[in-house]
Amino acid sequence: TRSDMFTSVMFFNYRLVFTYSTLMSVAGWAHQVTMDLLVLDLTGSAAALGGMLAFQLGPFILVSVIGGSIADKFNKRNFLMLVTALDAIFSFSLFFLYHEGTLTYSFLCFTALILATVNAMEGPVRTAISLEVVREENLANVMSLNSVTFNIGRLSGTLMAGLLITHFYNCA
């Protein structure tokens with residue numbers, strides 16, 4: 001039934017995880033779109049954009065496995081707060097460096113590599129914590145809702161990036 005689709009949301013801690021996941025997904029997609037535009041703006045090169053995509057996506061293939069061991073060995077909540085802080089620091093750094101005219105392609109690649117590595121470890125940790133905060137009978141529902149957060153982020157993050165790019169890029 002329709003009420004079964006959202007049974008996990010009745011758990012307060014899962015609502016927190018769901019909100020975190022949704023916001024991080026929105027921010028992640030917006031960040032990726034924005035960084036790709038910055039590459040094109042700084043270099044005008046499709047090859048440089050291809051290189052950026054390798055930095056943004058490569059760690060997810062290579063590092064995601066480590067996320068499971070982090071989820072098992074460290075405090076998940078603290079790790080997720082660290083990821084959020086790092087994402088914010090690098091995002092604001094890129095914003096200010098770009099507006100001051102000192103942003104370089106090399107720094108963009110470095111930032112993409114660091115953030116993708118950290119975020120590749122974050123996914124399994126986020127999944128693990130979301131499974132811990134509900135009852136066992138709600139695990140399938142949690143996994144479905146976790147997919148929803150990704151898709152909300154993909155749609156909203158790219159839309160938000162477009163709107164912010166239109167505003168700030170035209171102001172530069």
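**Exercises on a buried serine and a helix pair**

Serine 130 has its place in helix α4, which covers residues 105-132, and the model in which it is examined here is a predicted one.

**Exercise 1.** Determine whether serine 130 is buried or exposed, and find which residues serine 130 touches beyond those up to four places away in sequence.

*Solution.* Begin with the relative accessible area of serine 130, which is 0%; since buried means under 20%, serine 130 counts as buried. Next, leaving aside residues up to four places away in sequence, list the residues that serine 130 touches, namely Tyr14, Val17, Val142 and Asn146. Then look at asparagine 146, whose side chain makes a polar contact of 3.0 Å with the side chain of serine 130.

**Exercise 2.** Work out how helices α1 and α2 are oriented towards each other, and which residues make their contact.

*Solution.* Start from the angle, which is about 150° between helix α1 (residues 12-43) and helix α2 (residues 46-73), while their axes are 9 Å apart. Because angles over 145 degrees count as roughly antiparallel, α1 and α2 are roughly antiparallel to each other. The crossing in which α1 passes α2 is right-handed. On the α1 side, the contact is made by Gln32, Met35, Asp36, Val39, Leu40 and Thr43, and on the α2 side by Ala48, Leu49, Met52, Leu53, Gln56 and Leu57.

Terms used. Residues numbered from 1 in each chain as written. Predicted model: local features only at pLDDT ≥ 70, side-chain atom pairs only at ≥ 80, totals over all residues. Heavy atoms only, no water. Axes fitted to C-alpha atoms, helices over the stretch in contact; angles between N-to-C directions. Helix = DSSP H or I, 4+ residues; strand = E, 2+ residues; numbered from the N terminus. Parallel < 35°, antiparallel > 145°, perpendicular 65-115°, else oblique. Left-handed = near helix turned anticlockwise from the far one by under 90°. Contact = heavy atoms within 4.5 Å. Buried < 20%, exposed > 50% of the residue type's maximum accessible area, 1.4 Å probe, protein only. Polar contact = N/O pair within 3.5 Å; in protein donor to acceptor, adjacent residues only side chain to side chain.
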